[in-house]
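Have a look at the picture before reading on.

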Amino acid sequence: MRLTTAQALVRWLLAQRSETLDGREVPLFPGVFAIFGHGNVLGLGTALEEQRDRIPVWRGHTEQGMALAAVGYAKATQRRQVGVVTSSIGPGALNMVTAAGVAHANRLPVLLLPGDTFVSRAPDPVLQQVEPFHDGTATVNDAFRAVSRYFDRITRPEQLLATLPQVARVLTDPADAGPVTLALPQDVQAETYDFPEALFEPVTHRLPRPRPDRRALTEAAAALRSARRPLLVLGGGVRYSGAGRRALDFAQRHGIPVTETTAGRTLVPHTHELHAGPLGITGSTSANVMAAAADVVLAVGTRLQDFTTASWTVFSPDVRLVTLNAARFDAVKHGALAVVGDADAGLADLSAQLESWRVDPQWTARAAEERARWDAHIDSLRAAPSEIPSYAQVVGVVNDLSEPRDYVMTASGGLPGELIGGWRGSGEVSMDVEYGFSCMGYELSGAWGAAIAHTEGLVTTLLGDGSYLMLNSDLFSAAFAGHPLVAVVCDNDGYAVIARLQQGQGGKPFNNFYADCRTSHASPPRVDFARHAESLGCAVFTATSLDDVRGAYAKARAAAVAESRPAVVVVRTQPSAWTEAGAWWEVGVPEHLAGRPDFDAAKPGQVRYLRQ
């Protein structure tokens, strides 16, 4: 078939199918987010227009926002579908690098198709071209190399034949999943080639389930049998494997208490008898107490990031760590006994090795006891009298009024701690806390992508005023396209959680709250978030008291669904009330600050490398 490079790429995208975790067949690439410029409008833009009835193209308003929407889409579909994002060359392309970092850190697939400068170099330098003095082959798109799982620059049409299988491999492989960047020079996009028809035959990509090595399983089973106080930690890999039910069955069969990481949050029903709560700094004291007492930890589908491990102080130095991961890269960290394989298959095989082995019932029962104490603490925070609502109270309202199929999100500031530590779920995957990269602005762009994917429930995203000001244009993107969601904007006058870190360690208030920032105005301007969101096409509701929040959120939910557009709740919140899990986080504290003695006291308890 004689096609341009761009036409061939689009036809290949259309031919790729995916099997969901429940066995349905869906398009692997269900849509494209696009901002066209001189680097992609005539090549890829023309090819997409020709197929506009077969693949939707969503118009974004920042390239970073579009790519974050694609990341949110991938998370909401459990990595079984992949958003495609195209930009022009230069600033349009570089705007997507941050989003590529988000996808890379969170192991989420997204296909980035930035335009690139001419391979022929005939018109060089072209508009928006950066010319590295030291390398004539480099363009701004080389910036994607550090944040891509797979990178290629297509300099001849026939190179697609070799690179597209690799693109599909990375985007669908549990161990390698992450962003793929195909840089597309604009002259090559328009070149024609006789492509073999076989390239465009339909292919269905199914989730591979590699089974662990039997020797590794035997060693892991022996480690667990030796345990008196084992703990099961469930991460995002359990979610993407669809292994939540398997994990709970494993825990129940052997009596092992269960905790969750940020990416694994809501895998376990909150009231489950084995649920000890979420782990780490933004988790719960209940899970952290259990982790400190555990003698063997089985961590499944997690890279054990510093917020999960309290900078590696949450576990005893004598703990034995067993990891089950699809990626060997993650499985071998920190001297763990590594079991490499699919979470669902691996837990089934490991349970078979353990046979009828069970934990001491007293240890099993402790999970519910500790979580009950944590629940009472959260209840007290939600019930505390206050003229201005706290984050914990706002989250409590959203939690109370949400339906089982709903989806809640956040990404940065103080709200991750409130959602991770305080949310009470039913056991369905219902949460996206982007805390791998903690990207401010993801809250709105990612919610747009999640709303496109998540059609059986309502998406609610919670964010602070700082995140709103960073990347709010995708409220208009969602309103224009007709995608309902609710955004709860908590206004506390600045970057409150960083001010908390700054002042909590003895630093002086500086450049975080508006009151501590440089300005020439005696009365600096304030943002009217309600009017701003309304101007972007959203239904808007404001709240001052906690009762107002409840009424405004209920109305926002109804309006979003009825009007097929975003609804925004704007509420003033307390700037210094937080949910504390009682864990340490390592940050660089100068010796002259008041927080240095606490740093010096905690640092020796940090586990650097565990014994196998």
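## Pairing strands

Before we start: two strands count as paired if DSSP finds at least two bridges between them. Keep in mind, too, that this is a predicted model.

With that rule in hand, look at strand 15 (residues 296-300) and strand 16, which run parallel and are joined by five bridges. Along this pair, valine 296 has arginine 320 of strand 16 as its bridge partner, and alanine 299 sits opposite threonine 323. Strand 16 also has a neighbour in strand 17 (residues 337-340): four bridges link these two, again running parallel. Here valine 322 partners with leucine 337 of strand 17.

Now zoom out. Six strands make up an open sheet with parallel pairing, in the order 14-13-12-15-16-17. Strand 14 (275-278) and strand 17 are the edges, since each pairs on one side only. From one strand to the next, the twist averages 20°.

Helices pack on this sheet as well. Helix 8 (residues 214-225) touches strand 12 (230-234), strand 15, strand 16 and strand 17, and its direction makes about 130° with that of strand 17. Helix 10 (residues 244-254) touches strand 12, strand 13 (258-260) and strand 15, and its direction makes about 175° with that of strand 12.

Is strand 16 enclosed, or is it open? Five of its six residues (320-325) are buried, so the rest of the structure largely encloses it.

## Helix 16 meets helix 23

Let's move on to helices packing against each other. Helix 16 (residues 391-401) and helix 23 (residues 546-563) pack at an angle of about 40°, with axes 10 Å apart. Because of that angle, helix 16 is oblique to helix 23. The crossing is right-handed.

Who does the touching? Helix 16 brings Gln393, Val397, Val398, Asp400 and Leu401, while helix 23 brings Leu546, Val549, Arg550, Tyr553, Ala554 and Arg557. Sorted by class, this contact has seven nonpolar, one polar and three charged residues.

## Helix 1 meets helix 6

Here's another pair. Helix 1 (residues 5-15) and helix 6 (residues 160-172) pack at about 35°, and their axes are 12 Å apart. Helix 1 and helix 6 make a right-handed crossing.

On the helix 1 side, the contact uses Thr5, Ala8, Leu9 and Trp12; on the helix 6 side, Leu160, Leu164, Val167 and Ala168. How do the residues of this contact divide by class? Seven are nonpolar, one is polar and none is charged.

Methods:
Residues are numbered from 1 along each chain as its sequence is written. This is a predicted model: local features need pLDDT of at least 70, side-chain atom pairs count only at pLDDT 80 or more; totals for chains, interfaces and linings use all residues. Side-chain values use heavy atoms; hydrogens and water are left out. Axes are lines fitted to C-alpha atoms, for helices over the stretch in contact, and angles run from 0 to 180 degrees between N-to-C directions. Angles under 35 degrees count as roughly parallel, over 145 as roughly antiparallel, 65 to 115 as roughly perpendicular and the rest as oblique. A crossing is left-handed if the near helix is turned anticlockwise from the far one by less than a right angle, and right-handed if clockwise. Contact means heavy atoms within 4.5 Å. Ala, Val, Leu, Ile, Met, Phe, Trp, Tyr, Cys and Pro count as nonpolar, Asp, Glu, Lys and Arg as charged, and the others, Gly among them, as polar. Buried means under 20% relative accessible area, exposed over 50%, partly exposed in between (1.4 Å probe, protein chains only).
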